[in-house]
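Dear colleague,

My notes on what was found in it follow directly after.

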Amino acid sequence: MPCGSCHAAKTSETCSYPYAKPIHDVPCSPCPQTRDIHQTNVARDIGQDAGCDSLHFQQYDEPLSKDYRNYTIQASPTAGFAEFDQRFDPIIIEDGCSPAFDHGNTPSDGNATVYSQSLDATLPFDFRGSGFDWLEFDISNIHLPIDSQPSMEENVPPPASMYGVLPSSNPMPPLPALPKRQNILPWPFEQGKESQPPRFPLPRLHDVLKESTQLSSGDQQTPVDCLVQLFSQQQLPSPKQVASRNLNSGVDLMNQLIDSYFSGFQIIQPIIHAPTWTIHECPTVLLAAMVCVGSALSTGSGSSEVSDAVGEFCASMITWLGVSDSANYSNISYLAALCLHQIYSLGSGNRHLYQNADRTRGVLIGSLRGLGLLNARLNIQDESADSNRAVVDQSNPYSEWKSWITRERDNRIAWASFEYDCSLCTLTNRRGAVDLSELPARLPCSESLWEAPSAHAWAALKLRCPPKAQGAKLSSVLKAAMAGKPVDEHVSMWGRRLCGQVIGRLLWDLKQLEALSTTDYFDLPSLFKAHQHSKTSLLRGLDSLLESMEQPCSTSDLVSYNISSLLCHYSHMYAADDIMDIVLYMVRKIVSHGPEKDKSVAIARRRLSAAMKADKKRTRRLLWHSGQIIAVANEFLVSAPCEIMRLFMAYIFVVAYVKYSPSSLRSRDGVYLRLDIHSRDMEQKKAVMQWIQTGGPVQIGSADDIFTEGSAALITRDAQSIFQRLGSWGLADKFAKILQSFEDHNG
């Protein structure tokens, strides 16, 4: 372990870390190359007021520089890279629940069933509650025509030999088995027991990272080789050390990927305080995670291979640091790195990385609970007092700015982890690890306050900002949205988006309860009916939140609006239980079995056509929601794992509608309506409502009429084009292949 935190070290061999000043003036013995490490916390006291390891504040009279890198090393010019069936109950959407709704059909008592439980348990196949995990879906043995299409081969990255690095088939070096523990009383009774914790040897971090990546042979070091050496210590080496070890190409590569992170991901999850962040003070574990995300967003040649290699050794690094010193689980920089790397793992398309992220999600959430950042609240404190309105000492605002940054950063990391948890929940159909009752009481502050370039600018803004701009209460924003009231204009756009995530999670929880109400489980039809009014209210609340975000005034605001828009329209589709469940059942059966005939697919296809025919208005409404998701992506594409999945779901439904909708839905009478443009003005909304009521010809993307022959292929080609724009996210390529396979199926 690094000097300054290894009080257990006993020998005098050379440490692999550079000298660091001992913490709390406690002398430190040099570390051996192979050390005995306590399983419990060893000698690292991380105070909450000390802040993030990446933020070492000093008193400055002048504002800090906006150059967040500030890593002055001579760059190497050659490095880097550039009439209905009675078994079906009609859906009824109350006015205001969606921009497109049925006028005059809302029952007077307001207690009508919103979405029909139309799948009868007596049918030979039940498609409900399938719980499909898209990330675990293995399609490695499927070869599709898309792999040889020219449209998918543009800008193909060069072979991995360009960087001399390949992802390792065994990225995690095996750790020694832990010694058997003594028979002692279980937790919490063993707390305070003065027994010597077991020890076990660990290899040096540099050795772990070398084994996690197949480095190039010979004396020539590639940029990724140099990155491994740069990240083999807790902090970056000094410029002199970099020059003497010829690591300039690794620094160039790191700077490019960090730039990619700040330009492409900071506006999605703004957890790094850019005005005070510097690359040479940031812990390397956080740098490695930022580089991972940056590599996934990079469009440079060879970025895919670099992304694979960096992702593997970052996973090894995070694991090593956690196992070697459990005090890291209380280090907010380490937890930020864990969150970012898990987000990267979701979108990487790498099954090993996803499984590792799934296993360590509990570590992230549990550690945040241990720090009190996720904590079940009992509202017994005096909420009338507003700590955000405390007067700032204008003569010396820097110390207060420092403390505020620490608190706000911790709050943002907790919220980012919750949003990641929601993404994993959506992608895998597994219950979220974060309980809604333990979310932070306050939403993130406005971006203008977070991005204040100096302490004096922050103090002046804070003095003039209304309370809600400094972090609105989650409960008050949710209540306003659910009541259909305007959301205060000073609530941050990210805060509104997070409220949408909370509502979306609650809708997900309700659907899980509905699945348990079926005859396969508890046979409680009353449980299904009891939730319908709540589901209507939640969807209306989502629509209200989205309406309050329709006028973004910055790129970060636009990102939050787009994510919320996809979430809202996807939630309407997700709540339509039977139709979407049947479509997804067919997709996974077709992709799993390939061209082989499957009797269950034919049964599902007939069932899907019957469900569409039984409620034409609901079916057309789902098609409109799908078209709006495509419209949002066409206007401004947000490159994030969960948004890729929602876009995929929209295209899957459109293709299913084109291929399997009954003839009664294929009317060509009337005016053509384009569904993949925003329904903003009143004339467009009226046209959409009229089409939902009566039907008519429809245009989506390159398909001028979705019911003409070849339209499904044209729509799939549009989808492939959008997925290509999603950089190196492996998940996009995976969904592109699944969609192509579904469109090619003729059964």
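Gln266 is in contact with Tyr261, Ile271, Ile272 and Trp450, if its neighbours within four places in sequence are left aside. This residue is found in the loop between helix 4 and helix 5. Gln266 has a relative accessibility of 11% and therefore counts as buried, the cut-off being under 20%. Its C-alpha atom is separated by 9.8 Å from that of Met290, which is 24 residues apart from Gln266 along the chain. Please bear in mind throughout that this is a predicted model.

For orientation, some totals may be of use. The protein has 23 helices and six strands. It comprises 747 residues, of which 56% count as buried. The accessible surface comes to about 31,900 Å², and 51% of this belongs to carbon and sulfur atoms.

Asn246 lies between helix 3 (239–244) and helix 4 (248–264). Although Asn246 is not a glycine, it has a positive phi of about 55 degrees. With 54% relative accessibility, Asn246 counts as exposed, since the cut-off for that class is over 50%.

Helix 5 covers residues 284–297 and helix 7 covers residues 332–348; they pack at an angle of about 20 degrees, with their axes 8 Å apart. Angles under 35 degrees count as roughly parallel, and helix 5 and helix 7 are therefore roughly parallel to each other. Helix 5 passes helix 7 in a left-handed crossing. On the side of helix 5, the contact is made by Val285, Leu286, Ala289, Met290, Cys292, Val293, Ser295 and Ala296. Helix 7 contributes Ser333, Tyr334, Ala336, Ala337, Leu340, His341 and Tyr344. By class, this contact of helix 5 with helix 7 has twelve nonpolar and three polar residues, and no charged ones.

Two residues in this part of the chain deserve a separate note. Ser295 is found in helix 5, and it counts as buried because its relative accessibility is 0%. Ser295 and Trp729 are 434 residues apart in sequence, yet 9.1 Å apart in space, C-alpha to C-alpha. Ser330 lies in the loop between helix 6 (303–324) and helix 7. Its relative accessible area is 31%, so Ser330 is partly exposed.

How do helix 7 and helix 8 pack, and at what angle? Helix 8 covers residues 351–370, and the angle between helix 7 and helix 8 is about 150 degrees, with their axes 9 Å apart. An angle over 145 degrees counts as roughly antiparallel, and helix 7 and helix 8 are therefore roughly antiparallel to each other. Their crossing is left-handed. The residues of helix 7 that make the contact include Ile332, Leu335, Leu338, Cys339, His341 and Tyr344. Among those of helix 8 are Leu353, Tyr354, Ala357, Arg361, Val363 and Leu368. The contact of helix 7 with helix 8 has twelve nonpolar, six polar and one charged residues by class.

The last pair is helix 13 (residues 493–516) and helix 16 (residues 555–575), which pack at an angle of about 15 degrees, with their axes 9 Å apart. Helix 13 and helix 16 are therefore roughly parallel to each other, and helix 13 passes helix 16 in a left-handed crossing. Helix 13 takes part in the contact through residues including Met493, Trp494, Arg497, Gly500, Gly504 and Lys511. On helix 16, the residues involved include Asp557, Val559, Tyr561, Ile563, Leu567 and Tyr574. The residues of the contact of helix 13 with helix 16 divide into nine nonpolar, seven polar and three charged.

His569 lies in helix 16 as well. With a relative accessible area of 4%, His569 is buried. Not counting residues up to four places away in sequence, His569 touches Leu546, Trp624, His625, Gln628 and Ile629. The C-alpha atoms of His569 and Leu539, 30 residues apart along the chain, are separated by 9.4 Å.

Yours sincerely

Methods: Residues are numbered from 1 along each chain as its sequence is written. This is a predicted model: local features need pLDDT of at least 70, side-chain atom pairs count only at pLDDT 80 or more; totals for chains, interfaces and linings use all residues. Side-chain values use heavy atoms; hydrogens and water are left out. Axes are lines fitted to C-alpha atoms, for helices over the stretch in contact, and angles run from 0 to 180 degrees between N-to-C directions. Helices (H or I, at least four residues) and strands (E, at least two) are DSSP runs, numbered from the N terminus. Angles under 35 degrees count as roughly parallel, over 145 as roughly antiparallel, 65 to 115 as roughly perpendicular and the rest as oblique. A crossing is left-handed if the near helix is turned anticlockwise from the far one by less than a right angle, and right-handed if clockwise. Contact means heavy atoms within 4.5 Å. Ala, Val, Leu, Ile, Met, Phe, Trp, Tyr, Cys and Pro count as nonpolar, Asp, Glu, Lys and Arg as charged, and the others, Gly among them, as polar. Buried means under 20% relative accessible area, exposed over 50%, partly exposed in between (1.4 Å probe, protein chains only). Accessible areas come from the Shrake-Rupley method with a 1.4 Å probe; for residues, only the protein chains shown count as cover.
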